[in-house]
Structure formats: structure tokens, C-alpha cells
Amino acid sequence: MNRKLNLPSAGYHMLQILAAVDGKFSVEEDLVIRNFLVKTFPFNVNLDNEMDFLSSLNPEDYYPHFLKCMDDFYSDSTEHDRANFIDFAVRLTKSDNEISPEENKYIDALFTSWEPDLV
């Protein structure tokens, strides 16, 4: 996907990737993603195209796409938006009571890029 994603779409892609990297998808993760959508999208949106794209990604493409989404999100966001998103991302990774090394890698990338003073 070469097109620039807007803030809500970039956030949605990142959360879906975070949910997928450990090889398990839980109801609790789905609830975090749904909550993000309710709070972020200003209107009812059809996510079929986004899901089609995400489901076509190979696992080795997750991290490069995640980094692209981070850049897209950052360019459309405020510091407050980024802090809110990091909160959603951390809640998602903790929702199944286990943070895998893969999930940790992605969370570290967010903090390193967006909150370098906290690293």
C-alpha cells in the first residue's frame, strides 16, 4: 500500500498488526480495536478494504507496514493523539495478559519514535 493513510486508518492498521504478530487474536484485543474505532472515526466507516489489504499481508511485511503507518499517523497527529494511540496499543498488547516478544518490538518502536524522552 503506497497511499498515505489518514490518522484513523493508520491507527487501525497498527492495532490490527499488533493483534496479529503473536499469532493469536483474542476477544479482548478486538474490544480494544473497536473502542479505538468508536473514539477515532468521526463517522461510520466501512473497513472492508482495510481488512482485505491487511489480510493479504505476509507476516514478514507486518513490521515495514507498521513503520509506514507510524509515519502516516505521526504526520496527521498531535502529541495528544500519539499519547492516546500509545495507550490503546499498550492496552491491546496487555489485553491477553501476556506481552509477546513480537508485540514488545512494535511497542518499543512506537515509544522510540514518538516518545524518545521516555525510552
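**Contacts, burial and aromatic pairs**

Analyst: Leaving out neighbours within four places in sequence, S95 is in contact with S26, E28, E29 and V32. The model is a predicted one. S95 itself lies in the loop between helix 5 and helix 6.

User: Why is S95 called buried?

Analyst: The relative accessible area of S95 is 17%. Buried means under 20%, so S95 falls in that class.

User: How many aromatic pairs are found in the whole structure, and why is the pair of F36 and F88 called edge-to-face?

Analyst: The search finds seven aromatic pairs. For F36 and F88, the ring centres are 5.4 Å apart, and rings pair within 6.5 Å. Their planes stand at 80 degrees; an angle over 60 degrees counts as edge-to-face, so this pair is edge-to-face.

User: What makes this a link between distant parts of the chain?

Analyst: F36 is in helix 2 (residues 27–40) and F88 in helix 5 (residues 79–94), 52 residues apart. F36 is buried, with a relative accessible area of 2%, and F88 is also buried, at 6%.

User: Why is the pair of Y63 and Y106 described as edge-to-face?

Analyst: The planes of Y63 and Y106 make an angle of 85 degrees, and over 60 degrees counts as edge-to-face. The centres are 5.1 Å apart, within the 6.5 Å limit. This pair also links distant parts of the chain, with Y63 in helix 4 (residues 59–76) and Y106 in helix 6 (residues 101–114).

User: Are Y63 and Y106 buried or partly exposed?

Analyst: Y63 has 25% relative accessibility, so Y63 counts as partly exposed, the class between 20% and 50%. Y106, at 5%, is buried.

User: What makes K105 count as lying over the face of Y63?

Analyst: K105 lies 4.2 Å from the ring centre of Y63, and the distance limit is 6 Å. The charged end of R91 likewise sits over the ring of F88, 4.5 Å from its centre.

User: Which residues form the aromatic cluster, and why is F85 called buried?

Analyst: F36, F73, F85, F88 and W114 form one aromatic cluster. F85, found in helix 5, has a relative accessible area of 1%, so F85 is buried. Leaving aside neighbours within four places, F85 is in contact with G11, M14, L15, F36, F73, L110 and W114.

User: How does the reach of helix 4 compare with the expected value?

Analyst: Helix 4 has 18 residues and spans 26 Å from its first C-alpha to its last, close to the 26 Å expected at 1.5 Å a residue. Its buried residues include F66, C69 and F73. Among the elements that cover the buried residues of helix 4 are helix 1 (7–20) and helix 3 (48–56).

Note on methods: Residues are numbered from 1 along each chain as its sequence is written. This is a predicted model: local features need pLDDT of at least 70, side-chain atom pairs count only at pLDDT 80 or more; totals for chains, interfaces and linings use all residues. Side-chain values use heavy atoms; hydrogens and water are left out. Rings of Phe, Tyr and Trp (its six-membered ring) pair if their centres lie within 6.5 Å; planes under 30 degrees apart count as stacked, over 60 as edge-to-face and the rest as tilted. Helices (H or I, at least four residues) and strands (E, at least two) are DSSP runs, numbered from the N terminus. Buried means under 20% relative accessible area, exposed over 50%, partly exposed in between (1.4 Å probe, protein chains only). A charge sits over a ring if NZ of Lys or CZ of Arg is within 6 Å of the ring centre and within 35 degrees of the ring normal. The expected span of a helix is 1.5 Å times one less than its number of residues. Contact means heavy atoms within 4.5 Å.
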